[in-house]
Amino acid sequence: MCLSQTIQDDAYVAFRDELVQAGLLIPSGVRGLYASSGVFENIIERFEAYVTHMGAHLNPEVMRFPPIMNRAQYERTDHFETMPDLMGSVHSFTGDERQHNELVQKVHNKSSDWSRDLTRTDVMMIPAACYPLYPTATGTLTAEGRTVDLRAFVFRHEPSDDPARMQIFRQREYVRLGTADQAYEHRNYWLQRGREMLEALGLDVEPVLANDPFFGRGGRVMKATQREQDLKYELVVPICSTDKPTAVTSCNYHLDHFGVKFDIKTADGEPAHSACIGFGLERIALALLKKHGLAPSSWPASVQHILALA
């Protein structure tokens with residue numbers, strides 16, 4: 001490991017320890033899995049209210065999905081091919097009494113893998129707040145298309161000492177379904193508006209052309225294609241590092257990918273295009289705590305006013 005990476009890792013651990021010592025995050029013994037305090041939750045709630053206010057003029061539909069989705073619908077996406085290392089599959093025990101006894105024995109015998117006695121269920125953990133939306137949108141849109149306000153816990157298996165890289169976290173999204181122009185305009189609008197919102201909170205924001213963490217050899221081609229087509233931007237903020245800032249918001253144009261996968265059509269019968277902005281709620285809370293201090297009562301008056309903390 002190079003020296004710069006060691007310094008980076010030390011910064012992650014130091015900030016995590018600060019948050020834990022302040023009682024803002026409560027560790028679970030598993031990397032990237034925390035409970036949070038009332039103070040931390042209030043920051044998220046106040047920021048969400050800010051997001052709601054700034055998107056109210058769009059008159060979005062409001063939908064709230066659980067953090068799990070239909071396995072068969074999940075299999076219609078390409079997540080197995082593109083990001084298998086991040087996915088979470090839900091399994092449970094479905095055996096009889098004899099098999100239960102064997103399971104219990106394996107649990108007590110630490111050298112045995114009791115998970116092999118579980119059976120897959122009909123649900124998967126969702127990797128992004130918008131994934132469960134698309135199966136519900138099958139059919140023909142009106143000429144106006146749809147704008148949907150979403151929030152959900154999402155799961156990504158990437159354990160880390162970086163407190164901003166949690167295994168389960170919340171995303172707040174505005175998704176646009178419609179024509180290519182409608183979707184592209186939505187992405188670009190929120191790229192600018194999201195930046196303005198974060199800058200108003202005193203954060204040092206930079207928009208960067210990005211790509212999803214596609215897996216494997218084929219993933220390298222997909223990453224290059226995504227960049228070449230100008231599909232994904234992230235708003236990054238320095239939390240633990242100025243050299244490697246953290247993406248706190250993602251603005252994505254999916255082309256007609258989900259329209260084709262889930263048979264969503266525009267009013268003229270063409271596959272619908274989609275776009276979204278996703279705010280990483282825990283990451284934004286952490287960015288604010290790092291920038292302004294661990295006590296929100298001491299934050300700048302302008303920030304307290306925007307978030308209605310005062």
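This note goes through selected helices, cysteines and loop residues of a predicted model.

1. Helix α10. The 12 residues of α10 reach 16 Å from the first C-alpha to the last, close to the 16 Å expected at 1.5 Å a residue. Of these 12 residues, 10 are buried, so α10 is largely enclosed by the rest of the structure. The buried set consists of Leu281, Glu282, Arg283, Ile284, Ala285, Leu286, Ala287, Leu288, Leu289 and His292. It includes charged side chains such as Glu282 and Arg283. Just after the helix comes glycine 293, with a positive phi of about 110 degrees.

2. Packing of α2 on α10. Two packed helices are described by the angle between their axes and the distance between the axes. For α2 (residues 38-55) and α10 (residues 281-292), the angle is about 110 degrees and the axes are 9 Å apart. Angles of 65 to 115 degrees count as roughly perpendicular, and α2 and α10 are therefore roughly perpendicular to each other. On the α2 side, the contact is made by Phe40, Ile43, Ile44, Phe47 and Glu48. On the α10 side, the contributors are Leu281, Glu282, Ile284, Ala285, Leu286, Leu288 and Leu289. By class, the contact residues divide into 10 nonpolar, no polar and two charged.

3. Helix α7. This helix covers residues 180-200. At 1.5 Å a residue its 21 residues should span 30 Å, and the end C-alpha atoms are 30 Å apart, which agrees. Buried positions in α7 are Gln182, Ala183, His186, Arg187, Trp190, Leu191, Arg193, Gly194, Met197 and Leu198. An α-helix has 3.6 residues a turn, so residues three or four places apart point the same way. The buried positions of α7 include His186, Trp190, Gly194 and Leu198. After the helix comes glycine 202, whose phi is positive, near 85 degrees.

4. Cysteines. How many disulfides does the structure hold? The count is zero. The sulfur of cysteine 251 has its closest cysteine sulfur in cysteine 276, at 8.0 Å, which is too far for a bond. For cysteine 276, the nearest cysteine sulfur is that of cysteine 130, 4.7 Å away, and cysteine 276 is in no disulfide. The cut-off for a disulfide is a sulfur pair within 2.5 Å. Cysteine 251 counts as buried at 1% relative accessibility, and cysteine 276 is buried too, with a relative accessible area of 4%.

5. Surroundings of cysteine 276. Cysteine 276 lies in strand β14 (residues 273-280). Leaving aside residues up to four places away in sequence, cysteine 276 touches Glu173, Tyr174, Val175, His186, Ser250, Cys251, Asn252 and His254. Cysteine 276 and tyrosine 174 are 102 residues apart in sequence, while their C-alpha atoms are 5.5 Å apart in space.

6. The loop between α2 and β3. Histidine 57 has its place in this loop, with β3 covering residues 61-64. Is histidine 57 buried or partly exposed? With a relative accessible area of 46%, histidine 57 is partly exposed. Residues up to four places away in sequence not counted, histidine 57 touches Tyr189 and Arg193. Histidine 57 and isoleucine 126 are 69 residues apart in sequence and 28 Å apart in space, C-alpha to C-alpha.

7. Most residues other than glycine have a negative phi, and most peptide bonds are trans. Asparagine 59 has a positive phi, near 50 degrees. Asparagine 59 is found in the loop between α2 and β3 and counts as exposed at 67% relative accessibility. Aspartate 230 also has a positive phi, near 60 degrees. Aspartate 230 lies in the loop between α8 (216-228) and β11 (232-237), and with a relative accessible area of 24% it is partly exposed.

8. Aspartate 17. This residue lies in helix α1, which covers residues 3-21. At 30% relative accessibility, aspartate 17 counts as partly exposed. Aspartate 17 and alanine 72 are 55 residues apart in sequence and 41 Å apart in space, C-alpha to C-alpha.

Key: Residues numbered from 1 in each chain as written. Predicted model: local features only at pLDDT ≥ 70, side-chain atom pairs only at ≥ 80, totals over all residues. Heavy atoms only, no water. Helix = DSSP H or I, 4+ residues; strand = E, 2+ residues; numbered from the N terminus. Expected span 1.5 Å × (residues − 1). Buried < 20%, exposed > 50% of the residue type's maximum accessible area, 1.4 Å probe, protein only. Axes fitted to C-alpha atoms, helices over the stretch in contact; angles between N-to-C directions. Parallel < 35°, antiparallel > 145°, perpendicular 65-115°, else oblique. Contact = heavy atoms within 4.5 Å.
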